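This note is meant to be read beside the coordinates. Please keep the sequence at hand while going through the numbered points.

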Amino acid sequence: MLKKMKINNILSLIILIFASFMVLFPVAWMLSTSLKTMQEMFVTPPRWIPQEITFRAFARIWTDYPFVRFFYNSILIVSTTTIVSLFFSSLAGYGASRFNFKGKSSFLVFLLVTQMFPSVMLLIPFYRVLNILGLINTHLGLIIVYMAFTTPLCSWMMYGYFESIPKELDDAASIDGCSKFRTYWQIVLPLSLPGLAATGIYAFIMSWNEYLFALVLTTDDSMKTVPVGIGSLVGQYRTAWNDLMAVSLVASIPMLIAFFFLSKKLIGGLTGGAVKQ
Amino acid sequence: MKLRSNVKIVLFTLVFVLFSIMSVQAVTLEVMDSVIVESPEREALLQIIENFEEENPDITIDYQGVPMNDAYAQIPTLATSGALPDVYLATLDFIGTFEDMGIATDLRDVFSQEYLDGFNQNSLSELTVDGKVLAHPFFVIPMGVLYRIDWFEEKGLTPPETWEEFLDIANELTEDTNGDGSVDRWGFAMLASRDGSGGSRFIQIFRTFGGYELRLNDEGEYVTDVNTPQGRNAFEFFTELNTEHEVVPPGPMEVSYGEALNLMVTNKTAMMVTGPHSIGGIIERNPELDGKIGAFPLPMAQDGGKHISVLNTYGHAINPDSDKKEEAAKFLKFLVNDESALLWNEMTGRMPTRTGLLQSPEVQDRPDLAGFVEAMDYAEPLPTVSYYSTIMTDILPSAYQSIIVGQATVEEAAERAEERIISLIEEN
Amino acid sequence: MKSLFSLKTEHKYGYIFILPVAAVLGILIIYPLLYGFYISFFQTNLINRWNFVELENYINIFSGNSEFVNSIFVSIKFTSVVVLSHLVLGLLLAVILNKKNLPFKELFRSILMIPWFFPEVVVALLWRWIFNSMYGVFNYLLMNLNIIEDKITWLSSMRGAFFVVVFTAVWKGYPLILVMILAGLQSIPEELYEVAKIDGANSFQTFFYITLPNLRSVLLVSLILDTVWWFKNFPIVWLMTRGGPVNATNVVSIDIYQTAFQSFNFGKASASAVIVFFICLGIAMIYKSMITEEEM
């Protein structure tokens, strides 16, 4: 019995190691490329460890391209989007979980249906809406657009999480004379931190990585975001792989760090969340 | 009380700011194009703008960049919301659509006929639809073949006249230079990608075989020669460079403009179909190649073929809704005046559009440009129909790719391309 | 107990709470959707030409020379392989990571999540660089392992390119399914497994009779979302192959993008988008009926 367990474990470890290798080798290649000089990038056969290691690409992304500004834009837009869409979708999730109202199930289905229209066809209508509101080339414009992408699923996730929290709590609170909003804000929300964390990470990643809309809805260079900046390194005229890899690594680090600290919470948050509808 | 004085201060400041703005009366001209996002084009353009603003202190230029590939989505999006800037890029791909959408001023109302006559007429006609001049030509990039002078000299080769000679040269230059048993240098950097950079180059090679992908016949209707003997020969020759003769690096369908340039920069290939603008880019990244790169006009097919060059005219359209047309005209004129155009040409290799300048010694005598200057004699404009970009970026690339991967024979691919082009002509 | 007497206030509170989300979606999803439906009946450049053509756009996209039908098939093929791989990988890795007393579990879990953090733009370009026919490191890796003898031109053959975009999509997308399933697994009560053990069930029986049925709702949501997302995915394929070679990877989003922004035929593009919308809706309904049926 014990032996069987061991064999089983060894097999599992082999699978995990192989999978990790498949994940890590491209990342290692990314790092290797970012440390190469222009000439060495195109050497065949390619070298894993560059003969001449240079950190110039990491300097260039700040000096030769406006990535300082792009990071500022991205951080501002994405963190605002995350916070506001967390707030909105926790409201919606709470409302759908705690109250019965006409059209509730249609609302929940509708949240999923929003995911089904090809996004390339949303470009022009989005532009028109933002233009009417005077929000082209503003942070607020992109924040609103990203909220349209993130809130449907975030609401769905929060709805699931609230469903896992016993409703008796609310009843007790309302007996104590709490208003509905206070019950949500002071009693239920603090209990939902894991769910909020999971949903927040999801919203953050989704908007941090968005490319197409940021590209079309910003015409001003100073308003572009990191993915658009990365995309522009693959111009029609050149592809600077080393700079591209350097900035991609830098762009992923914030999320890697966030995830290392939050990974337990994330899975815990989903446990109550998306899982229990 | 305190609040009120604050309000007063704010009001006062506002009025003051307003007055100071009005007293200068500076006009801001919004310009959007794609060359500003390239290097060294950016530096050249910024310098021209600086000169312009110095000369015209009442006009400020607000320049916005958009990569060429993204302009396809961005310009219509802006147009449908009425949010286009005063001046924006215009190339052949766009010009038919601009006319259709009514988003380009007919420049005959803005510039004098005499001024317009001063442009190279081929370049002007690439920006003209139904007699309306819809954009102001900024520069042309006549296509030819870039080649490595040093390698040609080493082997005692001279620039070819025909594709047969071209193939011999390509064969000769394709070799294993370090003796490890595998080829590491190829004769030709072939672009067979599924986009405009592959398609536009193929169109010129295609035309040197004597046929036209799209032309007006005697009755004034559009027809295509893709499925004629000349057309099929062109497909066959082009694809066999890869499949039969193997004088191009493996994986040509992954090679778009940027990749092809890399092949030249890293000494992997000897020749490449492109324009003079590539020289600067290559030398910037591999300074050792300075002086080692020359150009010759596209070779031609032996029977029935001819030399051809496409100009790839790049211009600017003026927004019909703009109330700054006069300033826009002033700026566009400044872009192509002698001083600007020579600076532009020297820094970027892109050729001027004013006939006077094209003949100037500064342009004519540059050895690296000589081949392109010669190529301009063979220039023919491309048709300005709104569906042309579908032919260039989709139909023709699909055809040559299907032959290369062996999905279709030359005949099948040519037939399919013909069907698709005819149905496009009929739809419009 | 929901009290019947407070129904009205309940309604009211429900609406108040969902109002912000409903408002955002109302402006930014419903309007674009209706707009899309509307222009699909026109031949239009969206500015000065609005010819009402009834169903002509819909008829055109199904006509002989249209790439649309082919691109739907490519998308279906692409999506089914990608989603199936996500599901298999996600289940396998999640079951392993859910084991007790497995060393370095947390480290592995973190590593395996990494692809989720990279923007699609980066992922697409990274793998294109790795699979490059000339300089790509993948060929050399396989050559060093003696799996292949000569370089393979991955992105220049129809099968190779299809394989590469699928591979990239699998690499990028499996972590989301993995997390969802992992979360689902952790919510299955321990007692169920203990009971099964007492009853003498082997691990396969446990997996099929306890684990899978309890994952049903997670699987439903994840599968629906994963399928519709990848069915409509644009950046990865666009940046890697532009739909080529020929039309081997010409998924439906690329067809729509080119119709709209290269041929500027917005009516036809919208008609295609509407069809895709209904296909996605259909897929969601099929999943739902499949998974709820098993529940019986």
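1. Conventions. Residues are numbered from 1 along each chain as its sequence is written, while chains are lettered from A and ligands numbered from 1 in the order in which they are written. This is a predicted model, in which local features need pLDDT of at least 70, side-chain atom pairs count only at pLDDT 80 or more, and totals for chains, interfaces and linings use all residues.

2. Contact of chains C and A. Residues are in contact here if their C-beta atoms, placed from the backbone, lie within 7 Å. By this criterion, 78 residues from chain C meet 78 residues from chain A. On the side of chain C that touches chain A, helix α1 (residues 7-39) of chain C gives the most, with 19 residues. Helices (H or I, at least four residues) and strands (E, at least two) are DSSP runs, numbered from the N terminus. That side of chain C has 62 nonpolar, ten polar and six charged residues. In this division Ala, Val, Leu, Ile, Met, Phe, Trp, Tyr, Cys and Pro count as nonpolar, Asp, Glu, Lys and Arg as charged, and the others, Gly among them, as polar.

3. Contact of chains C and B. Here 26 residues of chain C touch 31 residues of chain B. The side of chain C that touches chain B comprises nine nonpolar, 14 polar and three charged residues.

4. Domains of chain B. The assignment divides chain B into domain 1 (23-140 + 313-376) and domain 2 (144-310 + 383-427); the bounds come from an automatic or database domain assignment. Their C-alpha centres lie 28 Å apart. In the contact, 22 residues of domain 1 of chain B meet 18 residues of domain 2 of chain B. On the domain 1 side, the elements that give two or more residues are α4 (92-101), β4 (128-129) and α17 (370-376) of chain B, and α4(B) gives the most, with six residues. The residues on this side divide into ten nonpolar, six polar and six charged.

5. Five-stranded sheet of chain B. An open sheet with mixed pairing has the strand order β2-β1-β3-β13-β6 (chain B); two strands pair if DSSP finds at least two bridges between them. Because β2 (59-65) and β6 (136-139) of chain B each have a single partner strand, one side of each is left without a neighbour in the sheet. The twist averages 30 degrees from one strand to the next. β6(B) and β13 (residues 314-318) of chain B run antiparallel and are joined by three bridges; His136(B) has His316(B) as its bridge partner in β13(B). Helix α13 (residues 325-335) of chain B lies across β1 (27-33), β2, β3 (87-91), β6 and β13 of chain B, at about 55 degrees to β1(B). Axes are lines fitted to C-alpha atoms, for helices over the stretch in contact, and angles run from 0 to 180 degrees between N-to-C directions.

6. Four bridges pair β7 (residues 144-148) of chain B with β11 (residues 269-274) of chain B in the antiparallel sense, and Val145(B) has Val273(B) as its bridge partner in β11(B).

7. Helix pair in chain B. How far apart are the axes of α10 (residues 229-243) and α19 (residues 410-427) of chain B? They lie 10 Å apart, and the helices pack at an angle of about 120 degrees. α10(B) and α19(B) are therefore oblique to each other (angles under 35 degrees count as roughly parallel, over 145 as roughly antiparallel, 65 to 115 as roughly perpendicular and the rest as oblique). Gly231(B), Arg232(B), Phe235(B) and Glu236(B) in α10(B) meet Val410(B), Glu411(B), Ala413(B) and Ala414(B) in α19(B). This contact has four nonpolar, one polar and three charged residues.

8. Helix pair in chain C. The axes of α7 (residues 158-186) and α10 (residues 216-232) of chain C come within 10 Å and cross at roughly 165 degrees, which means that α7(C) is roughly antiparallel to α10(C). Residues in the contact include Gly173(C) and Ile177(C) of α7(C) and Ser222(C) and Trp230(C) of α10(C).

Conventions
Two residues are in contact if their C-beta atoms, placed from the backbone, lie within 7 Å.
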